[in-house]
Amino acid sequence: MKSHTSLQFLFVIYLVISVTCESFPKDEVWALITFKEAIFEDPILVMSNWNAIDADPCEWPGVSCSVARDHVVKINITQSAIKGFLPPELGRITHLQELILHGNKLIGSIPKELGMLKYLEVLDLGVNQLTGPIPPEIANLSSVMRINLQSNGLTGHLPPELGNLKHLEELRLDRNKLQGTVPAGGNSDFPSNVHGKYASSTNSTGLCRATQLKVADLSYNFFVGSIPKCLKYLPNTSFQGNCLQSKDLKQRSFAQCGGAPPAKTHQAFNPKHQPSEDVAKQHQEASKPAWLLALEIVTGTMVGLLFLVAVLTAFQRCNNKSSIIIPWKKSASQNDYTAVYIDSELLKDVVRFSRQDLEVACEDFSNIIGSSPDSLVYKGTMKGGPEIAVISLCIKEEHWTGYLELYFQKEVADLARLNHENTGRLLGYCRESTPFTRMLVFEYASNGTLYEHLHYGEGCQLSWTRRMKIVIGIARGLKYLHTELDQPFTISELNSSSVYLTEDFSPKLVDFESWKSILSRSEKNSGSIGSQGAICVLPNSMEGRHLDVQGNVYAFGVLLLEIISGRPPYCEDKGCLVDWAKDFLELPEVMSYVVDPELKHFTYDDLKVICEVVSLCIQPEPAKRPSMQEVSSMLESKIDTSVSLELKASSLAWAELALSS
């Protein structure tokens, strides 16, 4: 009997849990999963447990639910270094009360769909890398009390509709690139002590209508004009660092404000009180000859028409650049589309090639010089231009999603900013719909990859001196990527296949494997990343390796071993190169066993330096590994890349010296 009662009790619990899970809105789960898909860097894996299989997001990190566990009411992911986009689907979490993503690396624009969150009380997207304008739809957040968008790259004008937020108490917009005047509304002339009394007495929009506003920070933007009188109850620091007309505040310099004097506020026009100068002008115009008046009318009409055509053309171009219509995820009907808004400035300086031009350059894409399950690499020659290497992504259009497109464009923008003699130069990209095409175009390095020379080429081509030059070149390239760029850049899979050699054997680092981080987002390729060699080189996940600068340092240590030994990082019969070499690295009497048997001559002092650097780079604890700046200094100061004493007897070395001089 007791057993039967226990079974009934368990059955009731099961029913309650089942009903709870089934009652949770699918739209909200889908919106959260979409948000996770839009995040392409998650270094501390704060969103790793967000899983569509687990239909109860109330247990997910950073997510809080209502007491009844039937709605998501809070998303709080702060200071977690997540990098990605804000998807418009967040507007589907209709009962959300707090969206706090402060102190991350979010890029792209603020989706207007956030304005659908009627219950939202806190919107904190501060200290990110968001760009574009503040959407006016934010003014539809009827319950919001705190908005924080500080320290981003937001542009455009401040929407005057924000003044309609009757519960807004705190507005932080400092350290952006906002322009125009501070929208005050019809009550801008009221003194600060009557701010609340008269602010709602007009139908106009502007911050003077925000009767509950207690804290506002508009500093360090590019606002012009004057400070509205109704906002003078705010401290002076709220308006400093702009282009305002104020003698009491520290403002930007004349040059920083565009070289033009600050804009003046518009005066109200009253037809009953026209200035005497305007009246005089009217009398003067009335006395003009008829032919002159007709000429002015015709000229004015033509100028007006030209201006209208120019405005319409610019508007059409702006619309074409501001958004792209691409499939989010193709359904059986093939009709589900969503507009994904991208930063129109992202690829403005990157050359876009047509597929036809690349097809001609690469001989109908028949000249294949490399392939993998994820991509094909073609060699080509542009008409009247340089030789090129074109990498084409192998993915079907039905597996390409809206956010994969955004990832692709972010990768193009990242690669385009690289400019160093030891990094491969991105010449441009190709993006077409018919046929579906996503390609990157690099400058071509005529000597192929370092991997080919080490493992398939003639060993005599890579003498010790030449290998040392390659080592130092790679170190310089990594030092540039890690320390000389505003945002450090890491090679997704640093190995001998990512090092290309020019005609004079100068190394070029090319991040072809960054495609894998894009492809891993598609349903077709999920879970296919990595190989035994990659896992052996760095045990961390692919995503962690891409984010971690110290992962590149570790991989550089392995690459050094590969260069001096001629052995691959991993092979089935001998295992990991690192495990094999550990027995020789720190013992001077056996250190020479690490050297490639193909090398008849090498410098022992150089070998000691290389082994020392390798030991430092492959430290198990990332914090103990040196920076690439330190590594590069060690190599450049201690290795002599001229022909050494041991090699002077070698005819090969003299031949190499003659060729390089």
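This report walks through a few helices and loops of a predicted model.

## Helix H2 and its cover

Helix H2 covers residues 26-37, twelve residues in total. From its first C-alpha to its last it reaches 16 Å, close to the 16 Å expected at 1.5 Å a residue.

Which residues of H2 are buried? They are Glu-28, Val-29, Ala-31, Leu-32, Ile-33, Thr-34 and Phe-35. The cover over these buried residues includes three strands, E1 (39-41), E2 (63-65) and E3 (72-76). Helix H7 (402-416) is also part of that cover.

## H13 meets H15

On the H13 side, the contact is made by Val-553, Tyr-554, Phe-556, Gly-557, Leu-560, Leu-561 and Ile-564. Across from them, H15 brings in Leu-607, Ile-610, Val-613, Val-614 and Cys-617. Sorted by type, the residues of this contact come out as eleven nonpolar, one polar and no charged.

## H15 meets H16

H15 has another partner, helix H16 (residues 628-638). Here the axes come within 10 Å and cross at roughly 175°, which means H15 is roughly antiparallel to H16.

H15 supplies Asp-606, Val-609, Ile-610, Glu-612, Val-613, Leu-616 and Cys-617 to this contact, and H16 answers with Val-631, Met-634, Leu-635 and Lys-638.

Now for some loops. Where does Pro-435 sit? Look in the loop between strand E20 (426-432) and strand E21 (437-443). A cis peptide bond joins Thr-434 to Pro-435, with omega at about -10°.

Val-127 isn't a glycine, yet it has a positive phi of about 55°. You'll find Val-127 in the loop between strand E7 (122-124) and strand E8 (131-132). With a relative accessible area of 34%, Val-127 is partly exposed.

Tyr-220 isn't a glycine either, and its phi is positive too, at about 55°. Its loop runs between strand E13 (215-217) and strand E14 (222-224). Is Tyr-220 buried, exposed or partly exposed? Tyr-220 counts as partly exposed, at 31% relative accessibility.

Conventions: Residues are numbered from 1 along each chain as its sequence is written. This is a predicted model: local features need pLDDT of at least 70, side-chain atom pairs count only at pLDDT 80 or more; totals for chains, interfaces and linings use all residues. Side-chain values use heavy atoms; hydrogens and water are left out. Contact means heavy atoms within 4.5 Å. Helices (H or I, at least four residues) and strands (E, at least two) are DSSP runs, numbered from the N terminus. Ala, Val, Leu, Ile, Met, Phe, Trp, Tyr, Cys and Pro count as nonpolar, Asp, Glu, Lys and Arg as charged, and the others, Gly among them, as polar. The expected span of a helix is 1.5 Å times one less than its number of residues. Buried means under 20% relative accessible area, exposed over 50%, partly exposed in between (1.4 Å probe, protein chains only). Axes are lines fitted to C-alpha atoms, for helices over the stretch in contact, and angles run from 0 to 180 degrees between N-to-C directions. Angles under 35 degrees count as roughly parallel, over 145 as roughly antiparallel, 65 to 115 as roughly perpendicular and the rest as oblique.
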